[in-house]
Amino acid sequence: MSGLKDFTRSFQAAVQPAPVRRVGTRPAPVRAARREPGPSRLAYRLNRLWLTPLYRRLLRVGLPAFVVCLFAGLWLADDTRRANLTGAMTAMVDRIQSQEAFMVHSMEIEGASPAVEKGLRAMLPVTLPASSFDIDLPELRASVERLDAIEKMELRIKPGGVLSAVVTERKPAILWRHARGLDLLDAEGHRVASITSRDMRTDLPMIAGEGAGAHAAEALALIDLAGPILPRLRGLERMGERRWDVVLDRGQRIMLPTDRPLPALQAAMAMDREDGLLARDVVAVDLRDPARPVLRMGLAAQNTLRRAAGLPELDAEGNLIDPEEGAEDGDKTGQATRG
C-alpha cells in the first residue's frame, strides 16, 4: 500500500493543475477567415466563354466532329481499307438495286405509229430486263420529245415492272416545199417528217417559199377562208418572206398584202362571188394595196379591149402586132384551109 501511495503522490506532482476559470465565462471561439462568395477570375472568364454561342457550338459540335473526322481520316489513310469500303458499298448498292421490286421487264407504248415505236425502243438506254435505277425517266422523256414527230410523251413505271409510254404524235396539217425538199408540218408549223414526193400526201395543202413554215398557222387560216375556190387552189407561196400569194390553176394568183391578209382574201372572195372575177381571163388580182385593188388581165382579154378601142393587138411577148401582118397571116391561114 505504501508503494501505491508513493506512486499517486508522484503522479499528482507531475501533473499541473488546471487553470482556474471564472464562473460564467467561456473562451472565445477561433473563427476561420471569411471566403469571398464571387467566382475566381478564371472561372468568370470560362463562364463568359460558355455563354458565347460560337464557343458553345464549337465545344458541343465542332470538337466531337473533329475527333470523329480525325479518326476516320486516320482509318481511311490506308489504301486497302479504302478499297474494301468502296467495294462493300458498291456491292450493297447493287444488291438493293437488283431486287425484283425495282426491275423493269418490258416496255408498253401507246399512241405511237410503228416507225415511232421502233425509234422509241431503240432510244431506251438499257436492255430489258434492267433496274429502274438505270433508267433516267426525265432524261429519256426529254430525248424523245426532241423528235420531230412527237409532241409530248408521258413515262412511268407501272406495277409489275412495266415501263409505260403514252405518246402524242404531231399530226401533219400542211406540206411545205422549200429549197431543201418537202417537209410535213403540223398546225403550229412544227416539222413532223420529210417526204420525197408530193404524191405521197396529196390530201394536204401546200405552201412554198423560204420562211413559209414559220407562218403555217396563218397559211391554214387563209386556206380555210378560200373555201369556194379550194378545188382550184394549188397552194400558197411566201413572197420575199413578207407576204402570201394564193396560187390557183390556169396560172392565176391573188396577191395579198403584208398586213391583214385575211380581210384582203375575204374581199377577193366577195368580188368573185358577186362578179365571177376569177372565172374570167384574169392573171392576177393584186391586193397589196387594199385601198386600190389592181387586176392583171390575160392576153386574150387585153386584145379584146384593144380591138374595141381600135388599138393594135399584143403578142405573147407583149409586143405590138402590125395589123397588115395580122391580115396576111389570116389570109395564109384561110388559103391553107381551102387547099
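This is a predicted model: local features need pLDDT of at least 70, side-chain atom pairs count only at pLDDT 80 or more; totals for chains, interfaces and linings use all residues.

Student: OK, and what percentage of the residues is buried?

Tutor: Of the 339 residues in the chain, 24% are buried. The accessible surface is about 24,100 Å², with 57% of that belonging to carbon and sulfur atoms.

Student: Which residues have the most contacts inside the largest nonpolar core?

Tutor: Those are Ile 207, Leu 236 and Ile 254, in a core of 28 residues. Elements giving two or more residues to this core include strand 6 (174–178), strand 10 and helix 8 (261–275). Helix 7 provides the largest share, five residues.

Student: What does Leu 236 touch, leaving aside its neighbours within four places in sequence?

Tutor: Its contacts include Ile 207, Ala 219, Leu 222, Trp 244 and Val 246. Apart from that core lies another one, with 16 residues, among them Met 107, Leu 120, Leu 140 and Ala 165.

Student: Switching topic: what's the volume of the largest pocket?

Tutor: About 150 Å³. Strand 10 (residues 233–239) gives the largest share of the lining, three residues.

Student: And how many of the lining residues are nonpolar, polar and charged?

Tutor: Six are nonpolar, two polar and three charged. Among the lining residues are Arg 198, Asp 203, Met 206, Ile 223 and Arg 234. Met 206 and Ile 223 also turn up in the contacts of Leu 236.

Notes
Residues are numbered from 1 along each chain as its sequence is written. Side-chain values use heavy atoms; hydrogens and water are left out. On a 1 Å grid over the protein atoms alone, a cavity is a set of points where a 1.4 Å probe fits but cannot get out, and a pocket is an open set with protein on both sides within 12 Å along at least five of seven lines; lining residues have an atom within 4 Å of a point. Grid points are joined across faces, edges and corners, and a volume is the space filled by probe spheres set on the points. Helices (H or I, at least four residues) and strands (E, at least two) are DSSP runs, numbered from the N terminus. Ala, Val, Leu, Ile, Met, Phe, Trp, Tyr, Cys and Pro count as nonpolar, Asp, Glu, Lys and Arg as charged, and the others, Gly among them, as polar. A nonpolar core is a set of buried Ala, Val, Leu, Ile, Met, Phe, Trp, Tyr and Cys residues joined through side-chain atoms within 4.5 Å. Buried means under 20% relative accessible area, exposed over 50%, partly exposed in between (1.4 Å probe, protein chains only). Contact means heavy atoms within 4.5 Å. Accessible areas come from the Shrake-Rupley method with a 1.4 Å probe; for residues, only the protein chains shown count as cover.
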